[in-house]
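Here is a short briefing on one protein structure. Please keep the sequence and the 3D view open while reading.

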Amino acid sequence: MSDTQTLIENRPPTVAALFLERVAATPDAEAYRYPVPPASGEGPDDWKSLTWAGTAERVHAIAAGLIELGVQPEERVALAAATRVEWILADLGILCAGAATTTVYPQTNADESAYILSDSQSRVLIAEDAEQAAKAVAKRAELPELTRVVVIDPAGADTDDFVMTLADLEKLGAGRLQKEPELIKERVAAITKDQIATLIYTSGTTGRPKGVRLPHDNWSYMAKAIAATGLVTGDDVQYLWLPLAHVFGKVLTSGQIEVGHVTAVDGRVDKIIENLPVVRPTYMAAVPRIFEKVYNGVAAKAKAGGGAKYKIFQWAAGVAREYAKVTQDNFRRTGTASAPVGLRTKHAVADKLVYAKIREAFGGNLRACVSGSAALAPEIGYFFSGAGIHILEGYGLTESSAASFVNPGEAYRTGTVGKPLPGTEVRIADDGEILLRGPGIMQGYHNLPDKTAEVLEEDGWFHTGDIGELSADGYLRITDRKKDLIKTSGGKYIAPAEVEGQFKAVCPYVSNILVHGADRNYCTALIALDEAALTAWAADNGMEGKAYADIVAAPATVEMVDGYVKQLNEGLQRWQTIKKFRLLPRDLDVEHGEITPSLKLKRPVVEREYKHLIEEMYEGAREA
């Protein structure tokens, strides 16, 4: 048996146990950094730190406080908050109490929040602030199981016998621990690997969301498997901004506990650019939209700088892609990421002119980024690879505890999601669907045995709903969602995500694009433009100061985008080409339910909302 197999097979039953081990091993090491905004509201944040021992003190107090409130093993405690250090402390407190965390996105409305709290039978809700608490208070009559709401930031919240502050919960727990100092160790020791640890509700594009039951063993396995990849070490500094209510963000906390590195936590997306030079992370996980925004921002800035600057950027982007493809191909064949002398020379010049500035914007210390949740356009991946920002794409689902595949360090291959994590099995079904089996797979959907049976076979194989291909040496390439494949009326199959990804690499102003064409005789697209990039372009094209909607409606904007659509079509098969498009009057967003909090497109929602534009593009067309 290999060291990796031993590491994984001899894993503890719970992450709570791993946490206690980590605290005992490195009590004085830094665990978390978190921002404290200035009292005046102006100026930079002050970053504070927590050691592992300091983290344990708060985690144990929260756990004991929940026990004092009567929370029993496996009972659910809901957590409705943005990504912040208290989210992690509360989640670990829930796990150390033997209970299970129900994750709720803070963007979720009151009705859906009430549904999740009711379906999960959550006993306690830990809410970020008065706004989140109010959702539960308003629905209290519909939530007989909910006995208490705990508020992290109590400003504006009325505390009573139903609502209390997190500080008061910790005081309650500290009092209990004075009487029973071994309480948490005993509670953690009693947890079994099959007890539910997390209930994550998937954002449904239609109907109610489904609760995915993930037991303690899933997270313990993920912690050990991530460590076994060797991608992260105890010397790393992680910048964590992803939504922790999403499985991708949540799995990053498990890996950190096992390895013991520092994590800087701040979920404010608008602070990413400001935070990176302060945190100076060595690795960061993100979704493709972040890399697209950075790429589009750099391209738009170069274009705004005049023709000469834009030509230099375009040249440098071409060199980066060529360099990445050559070095990755050589590494695959020879184990050395080499390039010819001429290409190396061009790359060195481009590095001084363009790439070094991009790396500095990421903090200057970035060793690698992990991208997941959706497909990254290969041309954008190659650009960053050649610029020295190594993006390791990974793959997983809520139902597989997020991390089923990841690219292996230096041997990463852009356009693939890498190899399976140690201990995870994969096979491709006859219709191309990816099937997974292993310790990361869910127990099933909460209270939905029929839905569980649809995707989970008795022998443990899980049907992902994604279509993919495995290389001879085990690298997986995702081609599309099974249900998202388009079949035109001419019988041709098209993967819309592939076309959409190529457009994002071509057009520096796009934010979101949805390709449509199912049962039609040609493809069309709905395109939303990035407001910041578009506004900068508009200022150089006689539309300075105009509103976004007015810029989008301008003939010059349509003509500009049409040029990029024609450029896209040159590289597509005839049946894939975009014959018509419409620009949307605003960008797609979470608030309107068009994208998920992890920034994935909800196709049915967008197609329903903009049905009139889609139909307009097919008016008078012969549907044969």
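The model is predicted. By the rule used for charged pairs, it has 40 salt bridges.

**Helix 7**

- Helix 7 runs over residues 166-179, which makes 14 residues. From its first C-alpha to its last it reaches 20 Å, close to the 20 Å expected at 1.5 Å a residue.
- Its buried residues are Leu166, Leu169, Glu170, Gly173, Arg176 and Leu177. Seen down the axis of helix 7, these buried residues fall within an arc of 120°, so they line one face of the helix.
- An α-helix has 3.6 residues a turn, so residues three or four places apart point the same way.
- The face of helix 7 turned away from the buried side carries the exposed residues Lys171, Gln178 and Lys179.
- What do the buried residues of helix 7 pack against? Their partners are helix 3 (52-68), helix 4 (85-96), strand 6 (148-151), strand 7 (163-165) and helix 8 (183-189).

- Side chains of opposite charge can pair when their charged atoms come close.
- Asp91 and Lys250 meet through their side chains in a salt bridge, at 2.6 Å from N to O. Asp91 lies in helix 4 and Lys250 in helix 10 (residues 247-259), so the pair ties together parts that are 159 residues apart in sequence.
- Are Asp91 and Lys250 buried or exposed? Asp91 counts as buried because its relative accessibility is 3%, and Lys250 counts as buried at 2%. The cut-off for buried is under 20% relative accessible area.
- A salt bridge also joins the side chains of Arg413 and Asp473, at 2.5 Å from N to O. This pair links distant parts of the chain, 60 residues apart: Arg413 is in the loop between strand 15 and strand 16 (419-420), and Asp473 is in the loop between strand 20 (462-470) and strand 21 (476-481).
- Arg413 is buried, with a relative accessible area of 12%, whereas Asp473 is partly exposed at 37%.
- Glu469 forms a salt bridge with Arg477, and their closest N and O atoms are 3.2 Å apart. Glu469 is partly exposed, with a relative accessible area of 41%; Arg477 is partly exposed as well, at 34%.

**Nonpolar surface patch**

- Which residues form a nonpolar patch on the surface? They are Ile312, Trp315, Val349 and Leu353, and together they have about 330 Å² of accessible area.
- Helix 13 (307-334) and helix 14 (341-361) are the elements that give two or more residues to this patch.
- Ile312 is found in helix 13. At 38% relative accessibility, Ile312 counts as partly exposed.

**Positive phi angles**

- Most residues other than glycine have a negative phi.
- Arg280 has a positive phi of about 50° although it is not a glycine. Its place is in the loop between helix 11 (272-279) and strand 12 (283-286). With a relative accessibility of 34%, Arg280 counts as partly exposed.
- Ala402, also a residue other than glycine, has a positive phi near 85°. Ala402 lies in the loop between strand 14 (391-395) and strand 15 (405-406). Its relative accessible area is 12%, so Ala402 is buried.

Technical notes: Residues numbered from 1 in each chain as written. Predicted model: local features only at pLDDT ≥ 70, side-chain atom pairs only at ≥ 80, totals over all residues. Heavy atoms only, no water. Patch = residues over 30% accessible without salt bridge, like charges linked within 9 Å, V, L, I, M, F, W, Y side chains within 5 Å. Areas by Shrake-Rupley, 256 points an atom, 1.4 Å probe, with all protein chains shown as cover. Salt bridge = Lys/Arg side-chain N within 4 Å of Asp/Glu carboxyl O. Helix = DSSP H or I, 4+ residues; strand = E, 2+ residues; numbered from the N terminus. Buried < 20%, exposed > 50% of the residue type's maximum accessible area, 1.4 Å probe, protein only. Expected span 1.5 Å × (residues − 1). Arc of directions from axis to C-beta. Contact = heavy atoms within 4.5 Å.
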